[in-house]
Amino acid sequence: MPIEVMSTGNVGEESAGGPAGERPWAEAGRQPSIAIIGAGMSGIAAVVKLRKAGYTDLTVYEKTDRVGGTWRENTYPGLSCDVPSRWYSFSFALTPEWTHRFSYGPEIQAYMEKVAADFRVTDVVRFNTPVARLVYEGPTWRLTTAAGEVHRYDVVVAATGILHKPAYPDIEGLSSFEGASFHSARWDHSVELAGKRVGVIGTGSTAAQIVGDITEKVGAMHVFQRTPQWMVPMPQRIYSEGWKRVLRLLPFLQRVAYRYYYEFMLRTFAAATVGNQKMQERVSRLCQKNLEENVADPALRAKLTPDYQAACKRLILCSAFYPAITRSNAHLITERIERITPRGVLTTDGTEHELDALVLATGFDPTAFILPTKVTGEQGRDLEEFWDGAPRAHRAVAVPGFPNFWMLEGPTGPVGNLSLIMISEYQVDYVISMLDKMKQDGLAAIAVREDAFTNYNAAMREALPATVWVSGGCTSWYMDKTGLPNLYPWPPRQYLRDLRDPNFSEFRLMRDVDGQRLRSAA
Ligand code: NAP
């Protein structure tokens with residue numbers, strides 16, 4: 001339960017502690033009240049793991065009416081996860097029931113809902129309750145919902161995901177189009193596409209899956225490509241009933257499979273991005289071979305050949321795109337888009353491509369994270385202003401000036417061809433280590449030190465040029481406004497090791513004094 005609010009107004013650092021008469025939770029020996037923002041996969045992992053660690057006073061604020069996050073939000077045809085399901089699973093809820101090696105969106109959403117129900121996560125979720133504002137009033141947080149309710153929490157965990165705000169292209173005339181038009185993450189299922197002339201803007205992971213799925217059903221498919229993408233085949237496999245039975249009987253095999261895919265993906269695709277030259281070359285050859293084997297027409301192949309290294313943009317695992325784009329009803333358009341007209345898309349060569357429907361597979365705003373929730377930390381520090389368009393966090397979890405505030409899948413974490421469920425679980429464990437430390441030492445607040453954050457980020461910036469995201473010669477949604485990727489530049493295994501073994505000297509450990517003022521305990 002949240003602590004009742006007794007006061008309002010941000011009184012800044014070294015401020016009066018909590019509501020009148022309330023001693024900080026760790027000193028008073030009570031449960032911390034924890035607000036978790038978001039009921040996607042990170043929020044679900046947070047509830048299950050925090051509870052297991054003995055932290056039971058949890059409230060999840062979910063802006064919509066269902067759990068699932070990105071798997072609830074994205075419903076486009078062909079939606080699947082190109083990370084193997086045996087690894088893209090909660091470690092505490094492995095299942096023998098996956099139907100495919102790379103599961104489709106509805107099955108993953110059903111899995112999210114089942115785990116949330118089985119582990120009674122939904123019991124603590126407040127659905128349809130977006131959080132508008134978070135203000136630190138040392139050592140607690142004042143949370144205001146969009147509806148204006150105010151509550152106070154000892155700890156806030158932002159499990160708001162990375163890519164949740166659709167990016168709409170800044171193309172002249174977009175609103176003038178008279179056919180159906182929607183973003184890939186806002187798919188309009190009322191629009192019948194069979195037999196129609198469909199345009200797709202974009203060639204990222206999303207577009208590849210959409211084009212791969214719907215081209216054979218539509219009348220004509222027009223793919224507007226600004227930049228070609230490297231793709232490796234997705235070795236899909238349907239799991240037989242017999243195989244499921246074996247896994248039900250011998251559940252330890254599920255753990256073996258989880259570990260197998262973890263090792264495989266880390267040693268191959270992840271290694272290729274962070275300086276393993278040999279692996280990068282192998283992935284490049286795989287991409288080249290995939291293109292040559294699947295696209296016979298040299299002119300089309302030339303259009304589809306990127307001029308940057310493989311894995312520079314997020315590598316696409318997809319076996320359906322090349323067969324789709326080589327169909328007779330598919331057209332790959334590489335001329336630049338001049339503007340959208342009421343009838344279709346006009347390209348710079350003067351051709352008007354007439355369309356019935358236009359899909360914007362143009363990606364997401366990668367700087368959103370917890371925004372647009374307004375977050376105010378110590379001394380009135382505003383998170384959005386602090387980030388200034390280039391979000392940063394210490395170990396993707398903590399931000400200086402924001403005590404008792406933790407992010408899951410925050411900026412500069414390892415993303416890409418990885419199981420983000422696994423990354424989130426490690427981050428939750430890290431947060432639990434922080435809470436355990438507070439409990440053990442009777443602390444009122446923990447915040448990452450400004451110098452630790454600065455040094456960590458400076459080391460990252462130094463390491464980034466060696467990654468293929470920078471050296472590979474492309475731009476991507478990974479880049480922020482500083483021109484560098486917002487990613488962890490070292491092997492993900494190192495990240496996981498560091499999270500396992502928190503270095504508390506990187507943090508300001510604060511103790512309450514007389515229930516009034518905070519001072520450093522270290
Ligand atoms: P994306 O990778 O950012 O791709 C957006 C595409 O739209 C790019 O091809 C981009 O071209 C194009 N574009 C953007 N603005 C444009 C404009 N004004 N004119 C023409 N083209 C424009 O977005 P996404 O495909 O939605 O994928 C985002 C991320 O979601 C992926 O990288 C991945 O991390 C995740 N995802 C994962 C899976 C999975 O299976 N695990 C599936 C889908 C998505 P440029 O390349 O030239 O910028």
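Buried here means under 20% relative accessible area. By that cut-off, the buried residues of helix α5 are T206, A207, A208, Q209, I210, V211 and I214. The model is predicted.

**Helix α5**

- Helix α5 spans residues 205–214, and seven of its 10 residues are buried, so the helix is largely enclosed by the rest of the structure.
- The cover over the buried residues of α5 includes the strands β9 (197–201), β10 (220–224), β11, β12 and β17 (357–360), together with helix α10.

**Helix α8**

- Helix α8 runs over residues 277–294 and has 18 residues. From first C-alpha to last, α8 reaches 26 Å, close to the 26 Å expected at 1.5 Å a residue.
- The buried residues of α8 are M279, Q280, V283, C287, N290 and L291. Down the axis of α8 these buried residues fall within an arc of 115 degrees, so they line one face of the helix.
- An α-helix has 3.6 residues a turn, so residues three or four places apart point the same way.
- K278, R282, R285 and E293 are exposed, on the other side of α8.
- The partners that the buried residues of α8 pack against are β11 (231–232), α7 (252–273), α9 (298–304), α10 (321–325) and α14 (468–471).

**Aromatic pairs**

- Across the whole structure, a search finds 24 aromatic pairs.
- One of them joins W25 and Y55: the ring centres are 6.3 Å apart and the planes stand at 90 degrees, so the pair is edge-to-face.
- W25 belongs to helix α1 (residues 25–28), and Y55 to the loop between α2 (41–52) and β2 (58–61). The pair thus links distant parts of the chain, 30 residues apart.
- W25 is buried, with a relative accessible area of 2%. Y55 also counts as buried, at 1% relative accessibility.
- W71 and Y88 form another edge-to-face pair, with 5.8 Å from centre to centre and 75 degrees between the planes.
- The W71–Y88 pair links distant parts of the chain, 17 residues apart: W71 is in helix α3 (residues 70–73), while Y88 is in the loop between α3 and α4 (105–118). Both W71 and Y88 are buried.
- One aromatic cluster is made up of F90, F92, W98, Y111 and F119.

**Charges over rings**

- R86 lies over the face of Y239, 4.1 Å from the ring centre.
- K437 lies over the face of F504, 5.0 Å from the ring centre.

**Cysteines**

- A disulfide is a covalent bond between the sulfur atoms of two cysteines.
- The structure holds one disulfide. C312 and C474 form this bond, with their sulfur atoms 2.0 Å apart.
- About the S-S bond of C312 and C474 the torsion is about -95 degrees, so the disulfide is left-handed.
- C312 sits in the loop between α9 and β12 (316–317), and C474 in the loop between α14 and α15 (492–500), so the pair ties together parts that are 162 residues apart in sequence.
- Both C312 and C474 are buried.
- For C81, the closest cysteine sulfur is that of C318, at 13 Å, which is too far for a bond. C81 counts as buried at 6% relative accessibility.
- C287 is in no disulfide, and its nearest cysteine sulfur, in C312, is 12 Å away. C287 is buried, with a relative accessible area of 0%, and is one of the buried residues of α8.

**Loop residue L174**

- L174 is found in the loop between β7 (155–158) and β8 (180–183).
- At 18% relative accessibility, L174 counts as buried, because the cut-off for buried is under 20%.
- Neighbours within four places in sequence aside, L174 is in contact with P169, I340, L358 and L360.
- Between L174 and I340 there are 5.2 Å in space, C-alpha to C-alpha, although the two are 166 residues apart in sequence.

Note on methods. Residues are numbered from 1 along each chain as its sequence is written. This is a predicted model: local features need pLDDT of at least 70, side-chain atom pairs count only at pLDDT 80 or more; totals for chains, interfaces and linings use all residues. Side-chain values use heavy atoms; hydrogens and water are left out. Helices (H or I, at least four residues) and strands (E, at least two) are DSSP runs, numbered from the N terminus. The expected span of a helix is 1.5 Å times one less than its number of residues. Buried means under 20% relative accessible area, exposed over 50%, partly exposed in between (1.4 Å probe, protein chains only). The arc is that of the directions from the helix axis to the C-beta atoms. Contact means heavy atoms within 4.5 Å. Rings of Phe, Tyr and Trp (its six-membered ring) pair if their centres lie within 6.5 Å; planes under 30 degrees apart count as stacked, over 60 as edge-to-face and the rest as tilted. A charge sits over a ring if NZ of Lys or CZ of Arg is within 6 Å of the ring centre and within 35 degrees of the ring normal. A disulfide is a pair of cysteine sulfur atoms within 2.5 Å.
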